[in-house]
Amino acid sequence: MALEPEREIEPTEAEIAVHWKEEEYYQPPASFIAQANLTDPSMYERFSLENFPECFKAYADLLDWYKYWHTTLDTSHPPFWRWFVGGQLNASHNCVDRHLPRYRNKTAIHFVPEPEDEPIHHMTYQELWMRVNEFAALLRDFAGVQKGDRVTIHMPMVAELPVAMLACARLGAIHSVVFGGFSGKACAERAADCGSKVLVTMDAYWRSGTLLDHKEKADIAVEEARKLGLQIEKVLIWQRYPGRYSSRTPLVEGRDFIVNDLLREYRHRTVEPVRVHAEDPLFLMYTSGSTGKPKGVQHSTGGYLAYVAGTAKYYQDIHPEDVYWCMADIGWITGHSYIVYGPLALGASTVVYEGTPTHPDAGRPWRIAEELGVNIFHTSPTAIRALRKAGPDEPKKYNHHFKHMTTVGEPIEPDVWRWYYQVVGKGEAVIVDTWWQTETGGFLCTTAPALHPMKPGSAGPGVLGIHPVIYDEDGHEIPAGSGRAGYLCIRNPWPGQMQTIWGDPDRYVRTYFAKFCKDPNSRDWRDWPYMAGDGAVQAADGYIRILGRIDDVINVAGHRLGTKEIENAALQVQEVAEAAVVAARDEIKGIMPELYVVLHPGHQPSEELKRRIIDTIAREISPIAKPRNVYVVPDMPKTRSGKIMRRILAAISNGREDVGDVTTLSNPEVVQAIKEIVKSGRA
Ligand code: WT7
């Protein structure tokens, strides 16, 4: 197998020595400790490397198994690890059916529509069970979906989305949820990659006060998928308002079907959950990498579900009586693991909020929390920054009380952390800063909420059974407390780890293992550390501080975008000859893309052209990918071998006078010209 690294990694933040001011510790409140799920420090010994991999039995035992597994971890085909081999289970049974005897009448999902005058729908476990059964029957008997088939779900944040996911899981079908904000074209690429013949969508949804037409994206998706060689046979359309079609687009005869109409035929139909093997895939989640093509991260049923149940229990501190709100989108991994699968596996009540956090004003989240009695709150630094900016004193006006709060997805500035702690959490809540990725299924680094003091800006140590290590460029371990940054890796496999990249196992090996694999012929997992793709530094206390991506990935407001994807979109504009995207620091979104383009000869820069480039990117990918600025430059800074030096552009975008070493450039004079263009563009 090819063991060439996927790309040459330019020295970036991962290698820059960092000198942080050490932040003060904050202690978890006694009231929290008194009720916490994880209070016994010896748990960390039970999950030590000496007890690996058997320690993860504790997580597997949080689930119901039809057939108990015989082998905890099979390492015979590294790095394609298999967890809980021999076991059989069903994820929909574990998230729904098994709770009925005790929690039939308890809310499983609180669906909060964006319009504030629309009632909240409190869907009980009984109702969730019925809806999942009916939709599973429809998928199977009307759409022909069977175990192992892929089903693309392109839906907004509504209760029907988890219903659709769990219905797939009930059949042993593999769902691939595409973030609702993504374009029809982005949806098509993902559907085509995994050969999904069924598309589940919704006619419309509310976002920032507007009822957006969503079904129009399905028409584009089918058309674009056809160009890529995939015939989407059935488009199943939920109605945002049952009984009323809220899209301007016509229904295509024989292809488009209104789910709410079809369901009349499936009322009260039940479907026996299909028993799947622990290693059968539960879902695909496409994420950006360093090439233009998003990769289909494949997660297993048994390992994944056990891992999210365990981490949700110990790190989110979810008890069945909690009201838990993760204000993320189910279209990202955070929503899969910590809106749907983790909380529902534990029998909690989970909130699904349709709209924007600041609609109609920055008090909205706190009103929702107050009304529903939310006691566990989970969001991203970008949302926290936006809420602080729009309503710094808003939380004080509401009588919400959190015991626990999470931040995820990007580094959080200590100052923003303190506002979250003091104003949002009123000094009563414990905070966990959880570091992880689409690929990892669940949390990898965070403090244990009742055991470890919090340190603003640092994620914390590895979680139970996760053993992080930081390597330098040559694979030497960088000791904790040295102040030196390096490549954050995990020494050992874990049950929530992705299984492979759909259709591209070589890329899986190259991307995550090639750089630090100690022996490609070894079957010992110790030789196969997982490379996360983040730069990090570990303090003397073992806490890990994440510095950011070391590859060509930009983390905009916690949404992962590949620079190549944005560049490819910009290149669709015919005047554009070359495009380079870099990450620029942004006050609210943490990081935003900035785009540099070189035009074909004979074309002049204009505002109209810049607008067209931006619109093309929004259309090709999503409005979240829009660059903050587009700079038309005479030439890109290039190495003698013709490689664009994005590092130099990034330095300019971030206002750094010193752009670093330019001696390897074939055209060093262009740097000054670009600097001037950027300066005047800003003025
Ligand atoms: C990348 C993964 C994890 C779910 C949401 C994003 C960054 C994630 C943190 C954190 C600093 C973080 C990393 C990582 N990241 N959590 N607590 N502190 N950075 O999932 O889209 O797969 O992105 O998000 O750069 O590699 P994702």
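**Close-up 1. The loop that holds Asp-317, in a predicted model.** Asp-317 is placed in the loop that runs between helix H11, residues 302-314, and strand S16, residues 323-326. The backbone of Asp-317 has a phi near 55°, which is a positive value in a residue other than glycine.

**Close-up 2. The cis peptide bond between Phe-52 and Pro-53.** The peptide bond leading from Phe-52 to Pro-53 is cis, and its omega is near 0°. Pro-53 belongs to the loop between helix H2, residues 42-46, and helix H3, residues 57-60.

**Close-up 3. The cis peptide bond between His-359 and Pro-360.** His-359 and Pro-360 are joined by a cis peptide bond with an omega of about -5°. Pro-360 is found in the loop that connects strand S17, residues 349-353, with helix H13, residues 364-372.

**Close-up 4. The crossing of helices H14 and H15.** The axes of helix H14, made of residues 381-390, and helix H15, made of residues 414-424, come within 10 Å and cross at roughly 70°. On the H14 side the contact is made by Ile-384, Arg-385, Leu-387 and Arg-388, while H15 contributes Asp-415, Val-416, Trp-419 and Tyr-420. Taken by class, the residues of this contact between H14 and H15 comprise five nonpolar and three charged, with no polar residue.

**Close-up 5. The shell of residues around the ligand.** There are 17 residues around the ligand, and those that come nearest are Asp-433, Thr-434, Thr-438, Asp-534 and Arg-549. Sorted by class, the shell has six nonpolar, six polar and five charged residues. Three elements, helix H12 (333-345), strand S20 (430-434) and strand S25 (544-549), each supply at least two residues of this shell.

Methods: Residues are numbered from 1 along each chain as its sequence is written. This is a predicted model: local features need pLDDT of at least 70, side-chain atom pairs count only at pLDDT 80 or more; totals for chains, interfaces and linings use all residues. Side-chain values use heavy atoms; hydrogens and water are left out. A residue is near a molecule or strand if one of its heavy atoms lies within 4 Å of it. Helices (H or I, at least four residues) and strands (E, at least two) are DSSP runs, numbered from the N terminus. Ala, Val, Leu, Ile, Met, Phe, Trp, Tyr, Cys and Pro count as nonpolar, Asp, Glu, Lys and Arg as charged, and the others, Gly among them, as polar. Axes are lines fitted to C-alpha atoms, for helices over the stretch in contact, and angles run from 0 to 180 degrees between N-to-C directions. Contact means heavy atoms within 4.5 Å.
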